[in-house]
Amino acid sequence: GENVEQHPSTLSVQEGDSAVIKCTYSDSASNYFPWYKQELGKRPQLIIDIRSNVGEKKDQRIAVTLNKTAKHFSLHITETQPEDSAVYFCAAGTNNAGNMLTFGGGTRLMVKP
Amino acid sequence: DVKVTQSSRYLVKRTGEKVFLECVQDMDHENMFWYRQDPGLGLRLIYFSYDVKMKEKGDIPEGYSVSREKKERFSLILESASTNQTSMYLCASSPLGQGGNEQYFGPGTRLTVT
């Protein structure tokens with residue numbers, strides 16, 4: 001089955017700096033790569049996703065890049081703000097029945113004011 | 001606006017008890033999922049269902065079973081709760097579609113087994 005590795009497990013940045021979280025996946029059939037943000041005590045929510053026919057996608061201060069050859073994808077957050085502090089999860093999925101996702105272990109991002 | 005609800009936010013059960021966790025979604029989604037969330041391990045899939053009465057094992061199905069008798073409701077059952085099943089349980093749903101779709105999560109149930 002699919003295996004998703006996520007690094008780092010914790011990341012501390014100063015407000016205004018950039019943050020980068022990296023994930024690798026093992027199944028070359030995976031073609032959908034979402035990122036979820038989970039604030040303390042709340043449910044995970046999708047913040048951005050990318051499909052395998054696209055190399056990069058951007059939405060305001062967040063961007064995701066995908067390297068299918070190397071089987072890795074990354075989340076980039078620019079001009080970080082304290083409200084970006086949360087746990088971020090990457091995931092990989094395919095066209096299988098149920099559209100199942102395999103999640104990485106999560107990254108706790110702390111943005112210091 | 002998609003809403004996924006779970007029957008309890010917090011639950012305390014004794015070892016050996018049968019435990020039912022219920023999830024309801026109101027957006028007519030075909031797919032429903034049960035995950036457990038433990039620090040450093042991310043979200044691990046227990047079971048999922050892509051249609052009424054259909055169920056598929058995820059990565060960690062041992063000690064759990066599920067039931068989906070109606071499209072909107074997906075139940076997770078711990079037949080005989082054990083202390084190593086103390087965890088946060090998250091339900092999610094998503095529409096059917098090619099190429100992957102956003103999963104919408106419930107608020108979670110924090111289960112403690114003593």
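Guide: Helices (H or I, at least four residues) and strands (E, at least two) are DSSP runs, numbered from the N terminus. This is a predicted model, in which local features need pLDDT of at least 70 and side-chain atom pairs count only at pLDDT 80 or more, while totals for chains, interfaces and linings use all residues. Side-chain values use heavy atoms, with hydrogens and water left out; residues are numbered from 1 along each chain as its sequence is written, and chains are lettered from A and ligands numbered from 1 in the order in which they are written.

Visitor: Is Ser30(A) buried or exposed?
Guide: Ser30(A) sits in the loop between E3 and E4 of chain A. Buried means under 20% relative accessible area, exposed over 50% and partly exposed in between, with a 1.4 Å probe and protein chains only. Because the relative accessible area of Ser30(A) is 4%, Ser30(A) is buried.

Visitor: Which side chain does a polar contact of 2.4 Å join to that of Ser30(A)?
Guide: A polar contact is a pair of N or O atoms within 3.5 Å; within protein, one must be able to donate a hydrogen and the other to accept it, and residues adjacent in sequence count only if both atoms are side-chain atoms. Contact in general means heavy atoms within 4.5 Å, and, leaving aside neighbours within four places in sequence, Ser30(A) has such contacts with Tyr25(A), Ala92(A), Gly93(A) and Thr94(A), among others. The side chain that the polar contact of 2.4 Å joins to that of Ser30(A) belongs to Glu2(A).

Visitor: How many Å separate a polar atom of the side chain of Glu2(A) from the backbone nitrogen of Ser26(A)?
Guide: Glu2(A) lies in the segment before strand E1 (4-7) of chain A, and at 16% relative accessibility Glu2(A) counts as buried. Not counting residues up to four places away in sequence, Glu2(A) touches, among others, Asp27(A) and Thr102(A). From a polar atom of its side chain to the backbone nitrogen of Ser26(A) is 2.7 Å.

Visitor: Which strand of chain A gives the most residues to the side that touches chain B?
Guide: The contact takes 20 residues from chain A and 27 residues from chain B, and the count between the chains is five residue pairs in polar contact, both at pLDDT 80 or more. Strands E4 (32-38), E5 (45-51) and E10 (101-103) of chain A each supply at least two residues of the side that touches chain B. With three residues, the strand that gives the most is E4(A).

Visitor: How much area do chain A and chain B bury between them?
Guide: The size of an interface is often given as the accessible area lost when the parts come together. Buried area is here the accessible area (1.4 Å probe) that two parts lose on being put together, summed over both. Of the area buried between chain A and chain B, 51% is on carbon and sulfur atoms, and the total is about 1900 Å².

Visitor: What is the angle between the planes of Tyr25(A) and Phe73(A)?
Guide: Rings of Phe, Tyr and Trp (its six-membered ring) pair if their centres lie within 6.5 Å; planes under 30 degrees apart count as stacked, over 60 as edge-to-face and the rest as tilted. The structure holds twelve aromatic pairs over all chains. Tyr25(A) and Phe73(A) form a tilted pair, 6.0 Å centre to centre, with an angle between the planes of 55°.
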